[in-house]
Amino acid sequence: MRENSNYRHLEQPGVELAFGDLRNRESVDEACSGVTHIVATANAVMGRTRGDELKTVDGAGYSHLIEAAKKHGIQHLIWVSVPVTRYDSKVPQFWWKRANEQRIQNSDIPHTIFRAAMFSEVWPAMLGSQIPLKGETTPTLERPFWFMKFFRKTTGSMIEKKGKALVAGTPFPEWMKENVFEPIGMSHTVVRASPNQIVPNRSTGYSPTNQGAGFSEVTDLGGAMGAGGIHTTLGDLAKWIQNLSDPRVGSEEIIEEMMTPFDLKNGSSTEYGLGLFVQEYKGLKYVHHGGSDLAHRSMLIYFPEIDAAVVTQSNHAAFRGNIAQKITDMFFEDYMEEDDDPGQPETDEPEEFEYDPENFDPLTGRYELSVVPGFVLTFSRDGDRIYTQATGQPEVDLTATSDSTFSLVGVQADITFHRNEDGTADSLTLHQNGDHIAKKIEFELDFAEMREYTGRYFSEEVETLYHIALKDSTLLLQHYQLDEDIELSPSDKDKFGAGFPLSSIVFVRNEAGDITGFKGSSGRTRDVLFEKWRTIHVEPQNR
């Protein structure tokens, strides 16, 4: 216990008091010296002093306790947790309870985990009630520490005055429906809460298969709830655009802020406001944003000066994003300036070139983009079909335009292989929104080497657990919210390309060479640490 705790009633013959603070590693270590059994109940749900927070007490604090318990050979640790609920990932207190259960189970310390129900005399106060506990003169809400001060500001006396109680936050899909979609009139728009949710009238995604041989169904990524997880219609997007010109949700000031690009210190513009690109198109200011998943494509363009817009949506994975601009040119030509340099007219079909598909064999393999480590382009041949597949994306057929240059069918991109004298290539250039070098990957792993990477990896920073499994000589990244496993593609020792939401993974080792975790990156998010959970095999015992 802490030295400033109320412990006088415990000072009795035969009772030895040990003082320690979970937040202080040294004090916990000293308190555990000579102790044989621990019953752990402390938490920061209703902390008593400044600094009592879930991360410092339930997080770092219990790391200190488990570390000290192992050091001093504690014979048994009893941990008071909470029952498993469907809201464990959403309620911070529950989440930390579950994380500490895993820590204890992986610690080798003999233990008992007691999942107790909520204390009924405390729960009403946390929900927002001024009713004092039995035998107390002051309501729990008025206790002088940060947690209850927060609830005091948030809830006040909701139960008594309004007949309402605070729950663990409104889920994002419900909040968006009540505060955004319904006020605007977007009755056909939903946020998909999980891969298990059925979205009525949802379109099926398709991707081209063999050249001229039709399409196959493609499932979008299942883990998204914000970007990639909002399902809507053309009619509802029209209402969203109307809200930009005549806001029901937000204000004119907010909309103006969204459409104002930021300027850098050197005076150049980012051409990006708050969630919207802000640029000029043929003399008109236009704001726009596109989006895509494995199968679906969308683009929204709005011209505030003429209060006009173009929206495109498609369930075709190869749908071209510039179609929205072509429609713009057709309908709003009278409002636009002539293009000073129209350039070469676009052609949807690459120039015909006779090519023997067998000549593609020396070029097949995996190539990693230098500017995006972990993003791998895999080139393959199946009979007369030559194709490529990028990390986390569907297969795309290729059409040869020369012995070393190829166009991606249905995608605005081209490939140039840097061929050697023997017809092989050590690198290539991807021509898509610029020129990007990719180098060929020669590194391979055998089955025994792959097994070392398997296990469960957890990140406290993003509160997420991934499982890496080995199946059919392939390493797979698994998460319960993903519809399909993500294949890990090795590019070098301890370095792998993955797919959304982790495009690259670099494993971390200790001085002994053992894997202790990995750092995951994806686009603008880099080096998020996931620590490896040790797996403890316990033989059954009779008790």
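**Entry 1**

I started at Thr-516, which I found in strand β27 (residues 515-522). Helices (H or I, at least four residues) and strands (E, at least two) are DSSP runs here, numbered from the N terminus. I was working with a predicted model, where local features need pLDDT of at least 70, side-chain atom pairs count only at pLDDT 80 or more, and totals for chains, interfaces and linings use all residues. Residues are numbered from 1 along each chain as its sequence is written, and side-chain values use heavy atoms, with hydrogens and water left out.

Thr-516 came out partly exposed, with a relative accessible area of 33%. My scale calls a residue buried under 20% relative accessible area, exposed over 50%, and partly exposed in between (1.4 Å probe, protein chains only). I then listed its contacts (heavy atoms within 4.5 Å). Leaving aside neighbours within four places in sequence, Thr-516 touches Val-508, Arg-509, Asn-510, Phe-530, Glu-531 and Lys-532. I also checked the C-alpha separation to Tyr-453, which is 63 residues away along the chain, and got 9.8 Å.

**Entry 1: the whole chain**

I counted 11 helices and 28 strands in the chain. Of its 543 residues, 39% count as buried. For contacts with a separation of 6 or more, I noted that 47% come from residues 24 or more positions apart.

**Entry 2: the barrel**

Next I followed the strands that close on themselves. Eight of them form a barrel in the order β12-β13-β14-β15-β16-β17-β18-β19, with antiparallel pairing; from one strand to the next the twist averages 30°. For that angle, axes are lines fitted to C-alpha atoms, for helices over the stretch in contact, and angles run from 0 to 180 degrees between N-to-C directions. I took two strands as paired if DSSP finds at least two bridges between them.

β12 is largely enclosed by the rest of the structure, because four of its five residues are buried. On one side, β12 pairs with β13 in the antiparallel sense over four bridges, and Tyr-367 has Leu-377 as its bridge partner in β13. These two strands form a hairpin with six residues between them, and Gly-374 in the turn has a positive phi of about 100°. β12 also runs antiparallel to strand β19 (residues 435-441), joined by four bridges, with Ile-441 in β19 as the bridge partner of Arg-366.

Thr-405 has Thr-416 as its bridge partner in β17.

Five bridges join β8 to the antiparallel strand β9 (residues 284-292), and Val-287 in β9 is the bridge partner of Val-278.

Which residues of helix α10 (residues 323-331) are buried? I found Ala-324, Gln-325 and Thr-328. Seen down the axis of α10, these fall within an arc of 100°, so they line one face of the helix; the arc is that of the directions from the helix axis to the C-beta atoms. The buried residues of α10 pack against β8, β9, β10 (297-303) and β11.

**Entry 3: aromatic rings**

My search of the whole structure gave 24 aromatic pairs. Rings of Phe, Tyr and Trp (its six-membered ring) pair if their centres lie within 6.5 Å; planes under 30 degrees apart count as stacked, over 60 as edge-to-face and the rest as tilted.

Tyr-272 and Phe-277 form an edge-to-face pair, 4.8 Å centre to centre with 75° between the planes. Tyr-272 is partly exposed at 28% relative accessible area, and Phe-277 is partly exposed at 32%.

Tyr-367 and Phe-379 have ring centres 5.6 Å apart and planes at 85°, so I logged the pair as edge-to-face. Tyr-367 lies in strand β12 (residues 365-369) and Phe-379 in strand β13 (residues 376-382), so the pair ties together parts that are 12 residues apart in sequence. Both Tyr-367 and Phe-379 are buried.

Last, I noted a cluster linked by ring pairs: Tyr-453, Tyr-457, Tyr-466, Phe-496, Phe-507, Phe-518 and Phe-530.
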